[in-house]
Amino acid sequence: MKRLMRNQTNSSRSRQPQAENFAWRTTALAAALCIMLNMMHTNANALSLGAMTSLSSLGESLAAGIAISEADTKELESLKLSLATPAEYSAMGLDYNSALSSAQITLMRRANGSAYLLIRSDKTVNDPFVNVIVQASWSGGRIVRNYTILIDPPTSNATGTNTITTPIA
């Protein structure tokens with residue numbers, strides 16, 4: 001009988017650490033899940049710059065568009081845009097193209113309402129590729145993005161497509 005009571009006492013003691021261990025693991029797992037969900041929520045509405053598309057050919061003035069993948073109205077209203085200076089290109093070890101010296105970057109909207117960035121310069125591009133560093137800051141953050149665009153030679157049978165766009169003030 002003593003032996004039986006001793007076995008019952010030992011088994012109840014061995015169950016207690018397992019229950020505490022399970023509770024600790026469950027709490028840690030719940031905390032990790034909450035942190036991950038919170039991180040996903042804060043980044044869900046961040047402004048995101050997409051791919052850059054060349055809108056010009058060699059020997060023409062520089063024109064390029066950058067898609068804005070994710071942005072809400074508040075971010076677009078507070079958006080400040082600029083291109084990097086020659087000194088910033090040098091600091092990053094990149095070549096600065098002189099066509100960028102007069103370039104302007106503007107926030108635009110397509111006819112369907114989607115936003116994009118338009119980069120235009122009145123200087124011609126004679127290099128087959130151009131490095132472009134875009135700096136964007138808004139009320140919720142800042143991003144610096146480096147693009148390298150390939151500029152194709154002009155084609156004789158190119159058909160132009162007109163896109164109606166309006167600048168966002």
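**Exercise 1. A hairpin**

Which residue in β2 is the bridge partner of S48?

Solution. Before starting, note that this is a predicted model in which local features need pLDDT of at least 70 and side-chain atom pairs count only at pLDDT 80 or more, while totals for chains, interfaces and linings use all residues. Residues are numbered from 1 along each chain as its sequence is written, and side-chain values use heavy atoms, with hydrogens and water left out. The bridge partner of S48 is E70 in β2. The strands β1 and β2 pair in the antiparallel sense over five bridges, where two strands are said to pair if DSSP finds at least two bridges between them. Helices (H or I, at least four residues) and strands (E, at least two) are DSSP runs, numbered from the N terminus. Together β1 and β2 make a hairpin that leaves six residues between them, and G59 in the turn has a positive phi of about 85 degrees.

**Exercise 2. A serine in the loop**

Determine whether S56 is buried or exposed, and list what S56 is in contact with.

Solution. First locate S56, which is found in the loop between β1 and β2. Next, S56 is buried because its relative accessible area is 7%, and buried means under 20%, exposed over 50% and partly exposed in between (1.4 Å probe, protein chains only). Leaving aside neighbours within four places in sequence, S56 is in contact with S61, L62, A63 and I151, contact meaning heavy atoms within 4.5 Å. Finally, a polar atom of the side chain of S56 lies 3.5 Å from the backbone oxygen of S61.

**Exercise 3. An open sheet**

Work out in which order the strands of the three-stranded open sheet are arranged.

Solution. The order is β3-β6-β7, and the pairing is antiparallel. The edge strands are β3 (80-83) and β7, each of which pairs on one side only. Between β3 and β6 there are four bridges, in the antiparallel sense, and K80 stands opposite S137 in β6.

**Exercise 4. The nonpolar core**

Find which residues have the most contacts inside the largest nonpolar core, and which strand gives the most to this core.

Solution. A nonpolar core is a set of buried Ala, Val, Leu, Ile, Met, Phe, Trp, Tyr and Cys residues joined through side-chain atoms within 4.5 Å. The largest such core has 30 residues, and those with the most contacts inside it are L117, I119, V132 and V134. At least two residues of this core come from each of β1 (48-54), β2 (61-70), β4 (104-109), β5 (115-124), β6 (129-138) and β7 (141-150), and β6 gives the most, with six residues. Not counting residues up to four places away in sequence, L117 touches several residues, among them L49, I66, I105 and V134.

**Exercise 5. A leucine in a helix**

State which element holds L76, and how far the C-alpha atom of L76 is from that of L47.

Solution. L76 is found in helix α2 (residues 73-77), and L76 counts as buried because its relative accessible area is 8%. The C-alpha atoms of L76 and L47 are separated by 8.4 Å, although the two residues are 29 residues apart along the chain. Beyond four places in sequence, L76 touches L47, I68, A71, L107, R109 and A115.

**Exercise 6. The whole chain**

Describe how many helices and strands the protein chain has.

Solution. The protein chain has three helices and eight strands, which follow the pattern α-β-β-α-β-α-β-β-β-β-β along the sequence. Of its 169 residues, 25% count as buried.

Technical notes
A polar contact is a pair of N or O atoms within 3.5 Å; within protein, one must be able to donate a hydrogen and the other to accept it, and residues adjacent in sequence count only if both atoms are side-chain atoms.
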